[in-house]
Amino acid sequence: MGPSPEDTDRGPRSQLTDIGRSLRSHVTDIGRSLGSHLGRIGRELPGQLERIGRGLLVFLTHIGRGLRSAGVGAHRSVRSYLAGIDRDLRPYLIGFALALILTAIPFALVATNPLPKPTTLIIIAVAAAIQVLVHLRYFLHLNLTSTPRENLVAIVFTAILIFLMVGGSFWIMFDLHNRMAM
């Protein structure tokens, strides 16, 4: 079915005017809808922030009570308190510090780009491998001397699977790249 006689009588300018009016109408409707959604978010946000603040206050109060019940009072010195933390949290703090350093090094290399790309990629890969070992040692408390044989077998199996998946993915990507370059 062809254009109606009304459309053929009107010129392109009047058709563009109609399209412009239609677009203006749609943009106005979208603006109203967006304004109502933003207004609703603006009304609900203070209540949600207040609930988050109350939850955080309860959490911090709970931590404070736990520290108090653990015998950390005004009579204990800061040094003895820190010695108690060293005993319990030392592996976690060391692991956290190492994880931060091993994350910051690749991030800084990518952000500043001081080295050639292949060197940067090698450093990132080495930092990632070291970070996996740090997580296994300091957060999961796995080491080769005290870990049961089953855990060691599971870790080796997981490492082989990860190696195969990552290696296979790289193989596929490089093969596709080479095929597309030809």
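Helix α4 has 23 residues and spans 32 Å from its first C-alpha to its last, close to the 33 Å expected at 1.5 Å a residue. The model is predicted.

**Helix α4 and glutamine 131**
- The buried residues of α4 are Thr120, Ala127, Gln131 and Val134.
- Glutamine 131 lies in α4, which runs over residues 117–139.
- A polar atom of the glutamine 131 side chain lies 2.8 Å from the backbone oxygen of alanine 99.
- Neighbours within four places in sequence aside, glutamine 131 is in contact with Ala99, Leu102 and Thr103.

**Positive phi values**
- Most residues other than glycine have a negative phi.
- Asparagine 113, a residue other than glycine, has a positive phi near 55°.
- Asparagine 113 is placed in the loop between α3 (78–112) and α4, and its relative accessibility of 54% makes it exposed.
- Histidine 141 follows α4 and has a positive phi, near 55°.

- Leucine 49 belongs to helix α2 (residues 12–69).
- With 51% relative accessibility, leucine 49 counts as exposed, because the cut-off for exposed is over 50%.

**Salt bridges**
- Aspartate 18 and arginine 21 are joined by a salt bridge through their side chains, at 3.4 Å from N to O. Both residues lie in helix α2, three residues apart, about one turn of the helix. Aspartate 18 is partly exposed at 30% relative accessibility, whereas arginine 21 is exposed at 51%.
- Aspartate 29 and arginine 32 form a salt bridge whose closest N and O atoms are 3.6 Å apart. These two residues are three residues apart in helix α2, so about one helical turn separates them. Aspartate 29 is partly exposed at 39% relative accessibility, and arginine 32 is exposed, with a relative accessible area of 57%.
- Arginine 179 and aspartate 175 form a salt bridge with the closest N and O atoms 3.0 Å apart. They are four residues apart in helix α5 (residues 149–181), so they are separated by about one helical turn. Arginine 179 is exposed at 58% relative accessibility, whereas aspartate 175 is partly exposed at 31%.

How values were computed: Residues numbered from 1 in each chain as written. Predicted model: local features only at pLDDT ≥ 70, side-chain atom pairs only at ≥ 80, totals over all residues. Heavy atoms only, no water. Polar contact = N/O pair within 3.5 Å; in protein donor to acceptor, adjacent residues only side chain to side chain. Contact = heavy atoms within 4.5 Å. Expected span 1.5 Å × (residues − 1). Buried < 20%, exposed > 50% of the residue type's maximum accessible area, 1.4 Å probe, protein only. Salt bridge = Lys/Arg side-chain N within 4 Å of Asp/Glu carboxyl O.
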